[in-house]
Structure formats: structure tokens, C-alpha cells
Amino acid sequence: MYEPPAALEVPSLEAAPQDDAGVVSGDDSVAKTAAPRVVLEVTTADGNSTRVDLAEGRHEIGRAADCGVHIDDRTLSRRHAVVTVEGGAVTIADQDSRNGTFIDDARLMAPVQLRVGVVVTLGDQVTVRLVEP
């Protein structure tokens with residue numbers, strides 16, 4: 001059975017070069033800290049893959065046109081699952097979908113924290129996974 005990981009492994013981003021005062025080189029403003037990018041790779045039944053950048057917050061996945069991650073696949077519910085990016089952690093939860101959300105053939109019954117490379121199957125044929133940005 002699938003055991004959720006302890007923490008998301010998001011690669012760190014290299015900061016822009018700074019001088020001793022913490023100012024970004026070539027810029028007179030205060031240094032800005034970039035949040036790590038979270039990238040979700042979606043692969044459909046026909047083998048086509050696309051990558052979606054996810055900002056901090058809640059992202060619905062499903063067939064509904066207003067879903068943040070819209071996937072036109074008959075085995076997905078209109079609002080199939082939700083991915084939440086919060087404070088460096090990424091979780092996925094099924095939204096009572098008809099055909100389920102799975103990790104390693106185990107149906108998700110509660111939110112699960114994701115790590116880079118973990119494959120999640122939505123419905124019968126769609127997979128999503130966090131990838132290195």
C-alpha cells in the first residue's frame with residue numbers, strides 16, 4: 001500500500017547575484033526572493049504530455065471548462081481532484097470522483113502530500129506527476 005512521503009522535494013532555485021547589502025546585481029531595489037516553481041506534468045490517454053506551472057493556492061483538475069487544470073477525458077469527473085500548493089508543500093485530494101484518483105493502485109481516500117516523480121492516476125487513463133522545473 002502507498003505510504004505518503006514526509007515532505008515535498010522541490011528543487012531550490014538559485015538566487016540572483018547579490019552584493020554585500022543584499023541588493024540584486026544591476027538593480028537598485030531590495031533583493032526579491034523567488035518562490036520555488038511547482039510544475040505538474042499531465043499525460044493523457046493518447047500519450048500527449050503538457051506541463052502546468054502551479055502557483056500557491058488551490059487548483060482543481062477535471063473536465064469542467066473552469067477547472068485550473070482542464071482535461072477533456074471521459075473517465076474524469078467534472079471536478080475530479082484538487083492540488084493544493086501551500087508553503088512549499090503540494091497535496092492532492094480526490095473530490096469524490098466517480099472513477100477515482102490512485103497512487104500505486106491504491107485509491108486516495110484522503111489528501112496525500114506529493115513529491116517529485118510520484119505518479120498519480122486520475123480515472124482510467126490520465127496521469128499527473130510533479131516534475132523538476
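These legends walk you through a few close-up views of a predicted model.

Local features here need pLDDT of at least 70 and side-chain atom pairs count only at pLDDT 80 or more, while totals for chains, interfaces and linings use all residues. Residues are numbered from 1 along each chain as its sequence is written, and side-chain values use heavy atoms, with hydrogens and water left out.

View 1. Helices (H or I, at least four residues) and strands (E, at least two) are DSSP runs, numbered from the N terminus. Of the 133 residues, 36% count as buried; buried means under 20% relative accessible area, with a 1.4 Å probe and protein chains only.

**View 2. His59 sits in strand β3, which covers residues 57-62.** His59 counts as buried because its relative accessibility is 14%. Its side chain reaches the backbone oxygen of Ala55 at 2.7 Å. Leaving aside neighbours within four places in sequence, His59 is in contact (heavy atoms within 4.5 Å) with Leu54, Ala81, Val82, Val83 and Val85.

**View 3. The largest nonpolar core holds 23 residues.** Such a core is a set of buried Ala, Val, Leu, Ile, Met, Phe, Trp, Tyr and Cys residues joined through side-chain atoms within 4.5 Å. Look for Ile92, Leu114 and Leu122, which touch the most other members. Strands β1 (38-43), β5 (81-86), β6 (89-94), β10 (119-122) and β11 (126-131) each supply at least two residues of this core.

**View 4. Here is Leu122 with its contacts.** Neighbours within four places in sequence aside, the partners of Leu122 include Ile61, Ala81, Ile92 and Val128.

Key:
Buried means under 20% relative accessible area, exposed over 50%, partly exposed in between (1.4 Å probe, protein chains only). A polar contact is a pair of N or O atoms within 3.5 Å; within protein, one must be able to donate a hydrogen and the other to accept it, and residues adjacent in sequence count only if both atoms are side-chain atoms.
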